[in-house]
Amino acid sequence: MGERAAGAAARSGAGRPGIELRGLYKSFGDHQVLRGLDLVVERGQTTVIVGGSGTGKSVTLKHMVGLLKPDRGRVFVDGEDITEYDSDRLVPVRRKFGYLFQSGALIGWLDVFDNVALPLRELSDLSEAEIRERVMEKLRLLQVHRAARRMPPEISGGMRKRVALARALIWDPEFVLFDEPTTGLDPILTATVDQMIIETRERTGVTSVVVSHDMQSARRIADKIIMLYQGRAIFEAPPAEFMASEHPIVRQFVRGELEGPITAELRAAERGLEAEEET
Amino acid sequence: MTLARQQPATDRPAPLRPRPAPHPLAEPVRQLGRALLQIVRNAGSDLLMLWRSLLWSRALWFKRHEVLRQCWVAGIGSLGVVAFVGCFTGMILSLAAGIELAKFGQQDVVGSLVAISMAREMGPFMTALILTANVGSSMAAEIGTMKVSEEIEALEVMSIDIHRFLVMPRLLAMMAVTPLLTVVANLLGNLGGAVVGYYQLGVTFSRYYHNAIDILDLKAIYTGLFKALVFGVIIAVVGCGKGLRTSGGALGVGEATRTSVIVCFLYIMVFGYVITALFYGGQLGGG
């Protein structure tokens, strides 16, 4: 971490718990996704949540900003219990967050500039000149200022992610949540997005939570990796320790092995479904 | 554990008493109940959305550009079809009624008949059907696509009120555009009716015009325009509501679009009847 990063981290109150999830349960119909998830995100760090498809990574992220309410358990942001907050009470809490959705979620009928300016225009009393200044600053930070007047479908996937991040950073948030930021990108774009996450933290001292199943990416950007399995956090460690772990589930996931407890569990579930269909 | 020790290991569990076979109508009734509950739930959520969006109309000046954009999309995009359909509706009414009236030598009154039918019923009705297909379905598809591509959640995370940002401009635009297009449909319908009257029924333009003006009272005009306003609200609310409830990817967007058209048609029929009954039901004097 450079000097600038160290300064930024100190400003952000590094090391203090920023987001805490305690005993979270969440189901959708009959499908139980989270089963008593406990998780702590420390301030000033980049925490990467990894796990197979359907283990509840994105669901976990959505609980942090109140997009989903848990069936049981509590969600704390800076020690404040936001579990029961309605959308009005969530406004100041959400102002602390930037959220980068998997697809970027840019508004299709607005150009790049207007997409980034959207939160300022809708929620602030800033003049158009001030809005322009702030938007261009963010677009320059992420090196997409030349595409300011282009429409979202006219720019590449990597640029869309950077524009979406510019929008997520427009309020200078304390936390940025990234939902699978590198999914569907080629290796070079993946490295570019990783670099973007690292630089954002170094420049702004922001606390990042990244949901991913890309281990290469996780190793590059994480201060801490948390493994989700069957709706629980089963292992967490710094990247080097995580990659070298002998925990059977973590090891199979990291090495991408065909045989192991994860696939055995999947096969057992498939057998259960088949038996259910037969009866 | 105690219970387990008391029973020998070889004991089989007591056979369960067989459950009585469900009544053959049980499942259809259950499904009907579920569907009715869903309809009530959706109607409730649509009404709530309407109320919240109307409250946000205080931000009309701030959102004027978006409201005008929606007016342009809905109004100009549908103007040609509305004019064409309005004209042919008048022509059909004129011809169909004229042929029967001519048997009694009463074809001169065709102007009155077309004018009153267009103003009260056919103008708003045909305009609403076109706007449902042209604008309501595209609202459902557009907002539905935003829903499945996480744009609605992105707005929520940014604390941007979707009623103010998405629904209110569309609602106000439809409330303005539907009555205006109805006026166009009425004018073109009467023009079409007059042309058919002149060339096929031998009714002069002057006679057609005077008959039409004589029968048209203020009540007929404002009833038709009020209907158009209500239909505009229905189209916007159903289109936006269906879009916001979309789930299940591209398939869900298709489903939302399809059902928005059907639900709009049904509401337009029902509310069309109710409004006519409210304004004119008392004139029957029956019962």
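This note reviews the predicted model of chains A and B.

1. Basis of the model. The structure is predicted, and local features need pLDDT of at least 70, side-chain atom pairs count only at pLDDT 80 or more, and totals for chains, interfaces and linings use all residues. Residues are numbered from 1 along each chain as its sequence is written, while chains are lettered from A and ligands numbered from 1 in the order in which they are written.

2. Secondary structure. Chain A contains 11 helices and 10 strands, whereas chain B contains nine helices and zero strands. Helices (H or I, at least four residues) and strands (E, at least two) are DSSP runs, numbered from the N terminus.

3. Overall form of chain A. The C-alpha trace of chain A spans about 65 × 40 × 40 Å along its principal axes.

4. Overall form of chain B. For 287 residues a compact globule would have a radius of gyration near 19 Å, but chain B has 27 Å. Its C-alpha trace spans about 105 × 50 × 35 Å along the principal axes.

5. Burial. In chain A, 41% of the 279 residues are buried; in chain B, buried residues make up 43% of the 287. A residue is buried if 20 or more other C-beta atoms, placed from the backbone, lie within 10 Å of its own.

6. Interface. The contact takes 15 residues from chain A and 11 residues from chain B, two residues being in contact if their C-beta atoms, placed from the backbone, lie within 7 Å. On the side of chain A that touches chain B, helix H3 (87–94), strand S6 (97–100) and helix H4 (112–123) of chain A each give two or more residues. The largest share, three residues, comes from H4(A).

7. Helix packing in chain B. The axes of helix H3 (residues 64–102) of chain B and helix H6 (residues 162–201) of chain B come within 5 Å and cross at roughly 30 degrees. Axes are lines fitted to C-alpha atoms, for helices over the stretch in contact, and angles run from 0 to 180 degrees between N-to-C directions. H3(B) is therefore roughly parallel to H6(B), a term for angles under 35 degrees.

Methods: Buried ≥ 20, exposed ≤ 12 C-beta atoms within 10 Å, placed from the backbone. Parallel < 35°, antiparallel > 145°, perpendicular 65-115°, else oblique. Rg over C-alpha atoms; globule rule 2.2 N^0.38 Å.
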